[in-house]
Amino acid sequence: MLSLLGLLAGLLLLIVLTMRGFNLFILAPLCALLVALTNGIPFWQVAGTTPGLAASQADFVHGYMNGFASFVSSWFLMFLLGSLFGKLMEHTGAADAVALAIVKKLGQGHAVAAVVLACAVLTYGGVSVFVVAFSAYPMAVSLFKDANLPRRFIPAALGLGSVTFTMTSAGSPEIQNWIPIQYLKTSPYAGWEVSLVVAIFMAALGYGLLKKMINQAVAKGEHFIGRDSDPAVGERVLPHPMLGIIPLIVVLVLSNWLHHSLQQAALIVALSGGVLCLYLLNRRFVQNLDKALNDGVTGALLAIGNTAAVVGFGSVAKLTPAFDQIVHAVVALPGPELLGAAVAVSVIAGVTGSASGGQVIALPEIAPTYLERGVEPEQLHRVVAISSGALDSLPHNGYVVTTIRAICGESHQNAYWPVAVVTVLVPLIGTVLAIVLFQWL
């Protein structure tokens, strides 16, 4: 009982203090230390002092840092290339060109739909979700200003287009769709038929709920309030929208063409090809290549650092007796096997505050069990991917913190609840729908 209470106390403290503005790089290890102390995990243990027990498995320092470092070593190149790709899209004006083309097609009266669709196109094209938020924010401010909509809903619009129906869908080059491949030996298109239905459902439901919340706020008198720091969509010469779309297609084609032969490395090749194609097609629009590269590297470090910080918390949580009890209880849940897998991944993603981190911690524990029970790997892949994108978006999630605070300049109190509706509630419902559909197939 003390183990479980300590784990819950650490998680609750992580969530509450994140909502109050604490830095994740400091907060996550401190909350992990609380979990360790309440579970009798030593702060530091020299290898060999406990017979048969490796130091990396027994103490707080090694447990936290191994979780942090292993995530960085496994996914840094993907974060880096995705960030460089996004920053080049931003600095060349290709992202603006694609977004403006979408706005032109939809019309200025569909500001929310335009923001969501622009983010969806960029995310499904392989741009890191963090970079999508940076790239789409200036356009979102302009659209919300023209439509006089409350700006506190911008993070929710960015999140709906980035971390819901696109991030975890079949064929997506985002890492949340690729991590299960190494454990299940599947493909990025695993369960694509169900994925397509669920993606359309999540997009429609999320958009409907977001529009309803915005309309209610407007009816109460809320409106757009400008700031001196607001970015402006400039009058610079932009490339043709196709010069931004072609690199997105290159990433999609290469990642899905090479996944059988290269597995996880296919994503590295695909993003490298996208970066090269983007630069060659749009090099005359690059105003400052050094700044684009530096911004890309900085963005990658921030994104993967925030994620790895909470993955480290999850790695310490994994050392506790309560973690094993939770996993065993979830695996033994009555009902469809896929339901147990979805609950396990959702809970661990919630603890780590990361969809990718939750998958990395959960899959080695649960994948062998469910595969031995005869669960189809493709079905398990898709349910794991979709469910990982639900409770991961609790207040301490790296993307949520970065988007609400660093990009949009909002507070959790004002902006988080709309984000929670579209990035937590909607994926939870989508997970249930996916399980039901797989049971019918």
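This report describes selected helices, salt bridges, loop residues and a surface patch in a predicted model.

Helix α10 covers residues 192-219. Its 28 residues reach 40 Å from the first C-alpha to the last, close to the 40 Å expected at 1.5 Å a residue. The buried residues of α10 are Val194, Ser195, Val198, Ala199, Met202, Gly206, Leu210, Met213, Ile214 and Ala217. Among the elements that cover these buried residues are α6 (111-124), α8 (154-162), α17 and α19 (412-440). Just after α10 comes Gly221, which takes a positive phi of about 105 degrees.

Helix α5 runs over residues 94-106 and has 13 residues. From its first C-alpha to its last, α5 reaches 18 Å, close to the 18 Å expected at 1.5 Å a residue. Buried in α5 are Ala94, Ala95, Asp96, Ala97, Val98, Ala99, Ile102 and Val103.

**A buried serine in α17**

Helix α17, one of the elements covering the buried residues of α10, spans residues 377-388 and contains Ser387. Is Ser387 buried or exposed? Ser387 has a relative accessibility of 0% and counts as buried, because buried means under 20% relative accessible area. The side chain of Ser387 reaches the backbone oxygen of Val384 at 3.2 Å. Leaving aside residues up to four places away in sequence, Ser387 touches Ala342, Val345, Ser346 and Thr431. Helix α15 consists of residues 337-352, and α19 consists of residues 412-440.

**Salt bridges**

The structure holds six salt bridges.

| Pair | Closest N and O atoms | Relative accessibility |
|---|---|---|
| Glu222 and Arg152 | 2.8 Å | Glu222 28%, Arg152 22% |
| Arg227 and Glu410 | 2.9 Å | Arg227 31%, Glu410 11% |
| Glu337 and Arg373 | 2.8 Å | Glu337 31%, Arg373 41% |

What parts of the chain does the salt bridge between Glu222 and Arg152 join? The closest N and O atoms of Glu222 and Arg152 are 2.8 Å apart. Glu222 lies in the loop between α10 and α11 (241-262), and Arg152 lies in the loop between α7 (129-147) and α8, so the pair ties together parts that are 70 residues apart in sequence. Glu222 counts as partly exposed, and Arg152 is also partly exposed.

Arg227 forms a salt bridge with Glu410. This pair links distant parts of the chain, 183 residues apart: Arg227 is in the loop between α10 and α11, and Glu410 is in the loop between α18 (398-407) and α19. Arg227 counts as partly exposed at 31% relative accessibility, whereas Glu410 counts as buried at 11%.

Glu337 is in helix α15 and Arg373 is in the loop between α16 (355-372) and α17, and the pair links parts of the chain that are 36 residues apart. Glu337 is partly exposed, as is Arg373. Salt bridges that share partners also join Arg151, Arg227 and Glu410 into one network.

Asn148 has a positive phi of about 55 degrees although it is not a glycine. Asn148 is found in the loop between α7 and α8, the loop that also holds Arg152. With a relative accessibility of 39%, Asn148 counts as partly exposed.

Lys185 is not a glycine either, and has a positive phi of about 60 degrees. Lys185 lies in the loop between α9 (179-184) and α10. Lys185 counts as exposed, because its relative accessibility is 67% and exposed means over 50%.

**A nonpolar surface patch**

Which residues make the nonpolar surface patch of about 410 Å²? They are Leu276, Tyr279, Leu280, Leu289 and Leu293. The elements that give two or more residues to the patch are α12 (265-282) and α13 (289-318). Helix α12 gives the most, with three residues. Leu289 is found in helix α13 and is partly exposed, with a relative accessible area of 32%.

Conventions
Residues numbered from 1 in each chain as written. Predicted model: local features only at pLDDT ≥ 70, side-chain atom pairs only at ≥ 80, totals over all residues. Heavy atoms only, no water. Patch = residues over 30% accessible without salt bridge, like charges linked within 9 Å, V, L, I, M, F, W, Y side chains within 5 Å. Areas by Shrake-Rupley, 256 points an atom, 1.4 Å probe, with all protein chains shown as cover. Salt bridge = Lys/Arg side-chain N within 4 Å of Asp/Glu carboxyl O. Helix = DSSP H or I, 4+ residues; strand = E, 2+ residues; numbered from the N terminus. Buried < 20%, exposed > 50% of the residue type's maximum accessible area, 1.4 Å probe, protein only. Polar contact = N/O pair within 3.5 Å; in protein donor to acceptor, adjacent residues only side chain to side chain. Contact = heavy atoms within 4.5 Å. Expected span 1.5 Å × (residues − 1).
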